[in-house]
Amino acid sequence: MSDPVESQLQAIRAKVESSERLSREEGEFLFRPDVDLHAVGRLADLVRRRRHGNQAFYNVNAHLNPTNVCVYRCPLCAYSRDPGDPDAYVMTRDEILARGREAVQAGATELHIVGGLHPAKDYAWYRSIVADLHAAYPSLHLKAWTPVEIAWFAETSGRSVREILEDLKSVGLGSMPGGGAELFDAEIRRQIAPRKVDAETWLHIHRTAHVLGLRTNATMLYGHLERPDAARLRVDHMLRLRELQDETAGFQAFIPLAFHPEGTQLAHRVPRPPTAMDDLRTIAVSRLLLDNFDHIKAYWISLGVATAQIALCYGADDLDGTVRHEKIHHEAGSKEPESLTVEELEALIREAGFEPVERDTLYRRVQRRRGGVVGLDAASS
Ligand code: V47
Ligand code: SF4
């Protein structure tokens, strides 16, 4: 008699080979520990190579977190502080502009901007960060603010989400990062980020951004309180993204984020980050389920450099960037370097068997001569 696990895997393999969409049940099956991880990885690699061949992407970027003061103080967060805390900070306009200058001088094409919700800073302050940076460094793509900040701007300014997004776009917002999605399940969300926008609002804000022509990313925070229901909850999260992507096609990349408990209010319940096997399976299943997403990002700051490198063989096609000044994961115990050089990223990609391609935020190939950008090719997919 044939092994039922093997025959279901065979059936899924046949669907993947003929580019048929996988179901919720099939997604949950692929998360089962008795389903061979490497077989799932080989299927994900097939899909990844169908889309991107032998190419693997990276970008030259920097992060900017203008303040760590945040009224929400989410249990998952090791980064935020109360206003009077000794290590609370708010960057000045000059410090913010200096970060833009430093990024441009380092050859960055993108600044990734997210931050705390400061009780004494109004929407005009957050808007001016985008406006001032864009005015000073127009070639730097500003990937800024998640639905958590956008909803806060709308609430505190009395404007609609659409008005806020239109306004930010008019002063230089280039796209939105994927943060704040966490896990869409309401009960888990109540425990890890109770004050953040709910799943419907997160999705609605991305939908509005897509309608306005802004591309965005999507994340999923995993490895915290999902057990024993991890497969169902993660698959449900991915399928809600897949549904919105069917409607708008506005997402560029999906980024699974491994939870780092150190310094968070959840540290006593979650002793350590997820294992490499869990990371690789999550990457692989996301590549297989999200058939309408162009890119799966292995964010090395979150996965660790070693796991991110091998994730390229399990469905991921993008290592994200050189990443300077990242604070959110480093505050939560990430032992990874502060940044990687282009040479290091390219060597990691080559060693994994792929051809490194520098991309900009919109996945256009960047051509450089002596460090400076000389051209951008059409979007890669
Ligand atoms: O939304 C917060 C996560 C996210 C912790 O769009 C944590 O290109 C692990 O969204 N352990 C912000 N994760 C980072 C993010 C991101 C990163 C890289 C690229 C892109 C992109 C987006 O970090 C938050 C939250 O989900 N986070 N605290 C923690 N303790
Ligand atoms: Fe604030 Fe974001 Fe940290 Fe929550 S995760 S406390 S919203 S900075």
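This is a predicted model: local features need pLDDT of at least 70, side-chain atom pairs count only at pLDDT 80 or more; totals for chains, interfaces and linings use all residues.
Let me begin with the core. The largest nonpolar core has 118 residues, and those with the most contacts inside it are Leu-133, Trp-145 and Ile-150. Helix α5, residues 123-136, gives this core its largest share, which is seven residues. If we take Ile-150 and leave aside its neighbours within four places in sequence, we find that Ile-150 is in contact with several residues, among them Trp-145, Val-161, Leu-168 and Ile-205.

I now turn to the aromatic rings, where a search of the whole structure finds 11 pairs. In one of them, Tyr-123 and Phe-153, the ring centres are 5.4 Å apart and the planes stand at 45°, so this pair is tilted. Tyr-123 sits in helix α5 and Phe-153 in helix α6, so that the pair links parts of the chain 30 residues apart. Are these two residues buried or exposed? Tyr-123 is buried, with a relative accessible area of 6%, and Phe-153, at 0%, counts as buried too. Together with Trp-125, Tyr-126 and Trp-145, they form one aromatic cluster.

A second pair, Trp-202 and Phe-251, has its ring centres 6.2 Å apart and its planes at 15°, so it counts as stacked.

Finally, which residues come nearest to ligand 1? Of the 23 residues around it, these are Lys-143, Gly-178, Gly-180, Glu-182 and Lys-297. A side-chain N or O atom of Glu-182 is 2.4 Å from an oxygen atom of ligand 1, and the protein covers 95% of the 620 Å² of accessible area that ligand 1 has on its own.

Note on methods: Residues are numbered from 1 along each chain as its sequence is written. Chains are lettered from A and ligands numbered from 1 in the order in which they are written. Side-chain values use heavy atoms; hydrogens and water are left out. A nonpolar core is a set of buried Ala, Val, Leu, Ile, Met, Phe, Trp, Tyr and Cys residues joined through side-chain atoms within 4.5 Å. Buried means under 20% relative accessible area, exposed over 50%, partly exposed in between (1.4 Å probe, protein chains only). Helices (H or I, at least four residues) and strands (E, at least two) are DSSP runs, numbered from the N terminus. Contact means heavy atoms within 4.5 Å. A residue is near a molecule or strand if one of its heavy atoms lies within 4 Å of it. A polar contact is a pair of N or O atoms within 3.5 Å; within protein, one must be able to donate a hydrogen and the other to accept it, and residues adjacent in sequence count only if both atoms are side-chain atoms. Accessible areas come from the Shrake-Rupley method with a 1.4 Å probe; for residues, only the protein chains shown count as cover. Rings of Phe, Tyr and Trp (its six-membered ring) pair if their centres lie within 6.5 Å; planes under 30 degrees apart count as stacked, over 60 as edge-to-face and the rest as tilted.
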